[in-house]
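Please find below some comments on the model under review. They are set out as numbered points, to be read with the structure in view.

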Amino acid sequence: MSRANGDGSRVRVAPAPLIELRNVTKYYGDVRVLDGVSFALHEGQTKIVLGGSGSGKSTMLKLMMGLETPDSGQVLIEGVDLGRAGERQLMRLRPRIGMVFQESALFDSLSVFENVAFRLSEVGTDEDTIRDRVREVLGFVGLEDAIDKMPAELSGGMKRRVALARALVSRPAVMLYDEPTAGLDPITSRRINELIIRLRDVRGVSGVFVTHRLRDAFTLASEIAVESGGRVRFIREDGTFCLPHTRFVMLRNGRTIFEGPDEVLRRSDDAYIRQFIA
Amino acid sequence: MAGMLPSPKAAVLEVQETALLAFRAFRRAFRKPFYIRDILTQMDHVGVGSLTIIMLTGFFTGAVLTLQSASEMSRFGAVGLTGTLVAVSLVRELGPVLGALMVAGRVGSGMASELGSMIVTEQVNAMRALGTDPIKKLVVPRLLATVSMQPLLTVVACSMGIIGGLAVAVGILRTSPDLYLNSAWNGLDYYDITGGLLVKPVFFGAVVAVVSCRCGMRTEGGTRGVGRSTTQAVVVSSLLILVSDYFLTQLILEYSP
């Protein structure tokens, strides 16, 4: 993005963050879940939000998705204040963000195909395009064979992958993951994490990853996916490179207590963080 | 829900929220997209699905009404008016009210538990995240289906009631079918038909749909919450049907000559 300067030269203006929370406070009843939280996600970044249960992580995601409204402060998507946006603007912004819910939240009365196609058929996309796109995203998560199954016939890990495919079908710029590996065994979790890393590194999708599982968080912060000749390899971070675009945010009782890369998080001497990552 | 009674403030708030939902659903019913397929599915579920219980309800109500009234009427030598009594009670009150109560039990509970489960498994949030308005997609089709099906079901209930009455009148009381049917037909006037077979069922249908959807949508607290919402939907819509029936009747009587 650039802007004409007074003397005719053009100066670069930093683009607005994809998602921004400005001093957001949120109450559920009398409980303050978020207390003046500010947060920004720029294009190409991935932020991992850590925190114990009830620290306000999921609420943060719901605010970003516009599912909840803040009691004070602002939520901005690509510079547009959700509190002031009209229906038309919201319609344009929603497909830019995809969300994977904690327990997948698949529509259990619809088949896998209908679940993944949901967003496209709602906006009246033609049948052929829908078929192609659904096959493409199901192919990405490795579930082309399950296309005609019902959610009840799928395992927990498969459901998560279908949920991922459903969120990806509109080719979002940002993905929000609400504990995508909760309740899964380590091997299935690994598979989900690899998909998320591939999305980040191969497709350039930004992300907000909410979790309380450190193992997943550090996997995400220390591995990259490299595609060569149609094959994807995962390389673990060592002395030779580090991931500059993946950052940690730590919440405690609705406040941000840490923001930075994993190396700094590991060295932190804050008692709560030490206890959390121990 | 410690006991059935909420605090006055919560009760007022709940009435406001329910009215707001009714208003929103009504407004959205006229806006695109129309979700024709969802509406038809719901109509099939509400209408065709309830047919058997509505027929049985109607038949036995008419039958028992005939049995009870004929013995009373014979004391005044007015057995010939049994048809009138049965038809008028059925069309004015029992058909619409019992029909609506049966639908509240069968359909209302289903709506509340289905929407409630969708809430607790975050399917409704997922729907919103995918850019679809849950009121439009979930509430409007259910409202339109009940409002359009309830009058038809009431007609079925009343017809079956008159047939049930006929069966008893002819089979047990040995009156002539012509006498019974003529007296039934002559007893009804225009206002009985519009009031009992149109105004009341449409209103009751809307009550069942709006109350049940609202109960479903406000579900919290997991599977237990779903159970609670289901009970609430049936209790509240049944009560509202009975209370509003009184006022609707008063209104209809005022307008009929």
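1. At what angle do helix 3 of chain B and helix 7 of chain B pack, and how far apart are their axes? In this predicted model, helix 3 (residues 82-120) and helix 7 (residues 190-217) of chain B meet at an angle of about 20 degrees, and their axes lie 8 Å apart. Angles under 35 degrees count as roughly parallel, and helix 3 of chain B and helix 7 of chain B are therefore roughly parallel to each other.

2. The crossing of helix 3 of chain B and helix 7 of chain B is right-handed. The residues in the contact of helix 3 with helix 7 of chain B comprise 19 nonpolar, five polar and four charged.

3. As for the chain as a whole, chain B contains eight helices and zero strands. Its order along the sequence is α-α-α-α-α-α-α-α. Taken along the principal axes, the C-alpha atoms of chain B fill a box of roughly 70 × 40 × 35 Å.

4. Chain A contributes 15 residues and chain B contributes 15 residues. Together, chain A and chain B bury about 1400 Å² between them, with 56% of it on carbon and sulfur atoms. Of the area that chain A buries against chain B, 33% is supplied by Leu67(A), Phe107(A) and Glu122(A), more than by any other three residues.

5. How many salt bridges are counted between chain A and chain B? The count is two salt bridges. Glu122(A) forms a salt bridge with Lys137(B), in which the closest N and O atoms are 3.5 Å apart.

Notes: Residues are numbered from 1 along each chain as its sequence is written. Chains are lettered from A and ligands numbered from 1 in the order in which they are written. This is a predicted model: local features need pLDDT of at least 70, side-chain atom pairs count only at pLDDT 80 or more; totals for chains, interfaces and linings use all residues. Side-chain values use heavy atoms; hydrogens and water are left out. Axes are lines fitted to C-alpha atoms, for helices over the stretch in contact, and angles run from 0 to 180 degrees between N-to-C directions. Helices (H or I, at least four residues) and strands (E, at least two) are DSSP runs, numbered from the N terminus. Angles under 35 degrees count as roughly parallel, over 145 as roughly antiparallel, 65 to 115 as roughly perpendicular and the rest as oblique. A crossing is left-handed if the near helix is turned anticlockwise from the far one by less than a right angle, and right-handed if clockwise. Ala, Val, Leu, Ile, Met, Phe, Trp, Tyr, Cys and Pro count as nonpolar, Asp, Glu, Lys and Arg as charged, and the others, Gly among them, as polar. Contact means heavy atoms within 4.5 Å. Buried area is the accessible area (1.4 Å probe) that two parts lose on being put together, summed over both. A salt bridge is a side-chain nitrogen of Lys or Arg within 4 Å of a carboxyl oxygen of Asp or Glu.
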